[in-house]
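Okay, thanks everyone, let me put this one up on the screen.

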Amino acid sequence: MEKTWWKESVVYQIYPRSFKDSNGDGIGDIQGIISKLDYLKELGIDVVWLSPVYESPNDDNGYDISDYRKIMDEFGTMADWDEMLEEMHARGIRLVMDLVVNHSSDEHAWFAESRKSKDSQYRDYYIWRPGKDGKEPNNWEAAFSGSAWQYDEATDEYFLHLFSKKQPDLNWENPELRNEVYDMMKFWLDKGIDGFRMDVINFISKEEGLPDADNPEGKPFAPGGKHFMNGPRIHEFLQEMNREVLSHYDVMTVGEMPGVNPEEGILYTDSERKELNMVFQFEHMDLDTQTGKNKWHVKPLDLKELKHSLSRWQKGMEGKGWNSLYWNNHDQPRVVSRFGDDGKYRVKSAKMLATCLHMMQGTPYIYQGEELGMTNVRFDSIQQYKDIETLNMYKERVIQNKEDSAEVMNSIYSKGRDNARTPVQWNDSQNAGFTEGTPWIEVNPNYKEINAEQAMEEEHSIFHYYKNLIRLRKNHEVIVYGSYELILEEDPEIFAFIREYHGEKLLAITNFSGNNPVFRLPEGLQMNNPEILLSNEEDLEGSHEEFTMKPWEARVYIV
Ligand code: NOJ
């Protein structure tokens, strides 16, 4: 397997709005990021993935871009951004920017021109269709509720928006549009960035004719994913992007790809095919959703399903593609609340989850605050929520469909994106040290107990444990490049696996429960005199061959 820097890196995601405010306007900004680079250096991460900082009306917090070459006023200036990049590079930290080109903002100059007339030279930058029988051109549902089409009076046609109506989809069938995107990518690469995270990049090629979605329940709108996820020209587009842009730079790329399976994952990440380096897949994020329902309908996680899914990706990519590893990002609830125990065993279970993930093959991503064990939040009122997906869902279910609001609030408590977007908890002063003004979204009230200042002081904190995980990855090639073998496949509480590389062997054993299951090394497996590499327990009982596990225990042996 080819060795590369991005396989050996740990990435830290910054969601700038919620990271650190420097000027008291309640909104995180670039100077705030600069002020925390020493903290990131101390943690030991190699790469920052920065969620969008471009000019935007913020209908979807920057994922609706009105100028791809400008910095959002609220976050600072291009001079601030230049300074940030320089300060990162001075510390040996690379920068990956977010590339959001499935759609732009409706306030982008291209769209302003496009909507003016059917003859505009920008008309074809977007996806316009006449209505059908006085209704939308097809029955696709937008990710943020309602139809994926918006009627526009000026030309009496509809435009497609897979997300909010302020995020019109760009038309990748148009070669001029593609060239504009490539030019813009070069603009940032020439400024010295180290890669791109590509927003829903497997949505850019839509099936010809935009056929209706299956709709067995006869709802007004239905998810049309099958007609635009991994669409007919997606590999052609990515290979073109690679040829025109990426191949000329030493950068890393990760494609966000809902609805991708390991077979497709290989097509996207096999280095010989020259597309991307890795993908963010969602299989493991969907396991606590009821079958056939959308994400808001939650069911408890079945550990066997999680093991099966992650192992399928581990084995599937081995030697062919490359995995990215994550539990969290700005769209997901906090993992310690989701798959761990954010009460009595918060610290233990957060460390266990980190161990399991960081000992797998792939590039790990840490989402801001994850290294502190930050938890989900429960605001009393819908007024305290800010996320467009959450607010639209609430309107549709409670106001339109008259569903029980308490039940809908419960969906929000477990799955709402704002769980990940409350400000980073830096210390126990007012507003958790995030801002001296009024934060754009309230801080999680648990900041007095959970904050960075305290975590850095405490020897056994989650922060120091993450630091250790990152350091170990640097010292043991088996963690990066080793093969993967799941053991105890049928165990409902223990997730254990073996990694192996050039004679070095590693055994990771994690308990995904508050119970005391017994671990027994399967017969025939040889681990001669292994040493403990890491654990979230101080007093370890038993041997690597057999022991009773403590609640949420994790231990890693190495030979
Ligand atoms: C995925 C992003 O991660 C999410 O935050 C955003 O709302 C959608 N794509 C649309 O850009």
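The helices (H or I, at least four residues) and strands (E, at least two) are DSSP runs, numbered from the N terminus. What you're looking at is a predicted model, where local features need pLDDT of at least 70, side-chain atom pairs count only at pLDDT 80 or more, and totals for chains, interfaces and linings use all residues. Residues are numbered from 1 along each chain as its sequence is written, and side-chain values use heavy atoms, with hydrogens and water left out.

Now the overall picture. The protein has 15 helices and 20 strands. Its radius of gyration, taken over C-alpha atoms, is 23 Å, close to the 24 Å that the globule rule gives for 559 residues, so the protein is as compact as a globular protein of that length. That rule, by the way, is 2.2 Å times the number of residues to the power 0.38. Along the principal axes, the C-alpha trace spans about 75 × 50 × 50 Å.

How much of the protein is buried? Buried residues make up 61% of the 559, where buried means under 20% relative accessible area, with a 1.4 Å probe and protein chains only.

Okay, on to the strands. Which partners does strand 16 have? Strand 16 covers residues 504-511, and seven of its eight residues are buried. On one hand there's strand 15, residues 494-501, pairing antiparallel with strand 16 over eight bridges. Tyr501 sits opposite Glu504 there. These two strands form a hairpin with two residues between them, and His502 in the turn has a positive phi of about 45°. Then there's strand 20, residues 554-558, which runs antiparallel to strand 16 and is joined to it by five bridges. Thr510 has Ala554 of strand 20 as its bridge partner.

Technical notes
Buried means under 20% relative accessible area, exposed over 50%, partly exposed in between (1.4 Å probe, protein chains only). Two strands pair if DSSP finds at least two bridges between them.
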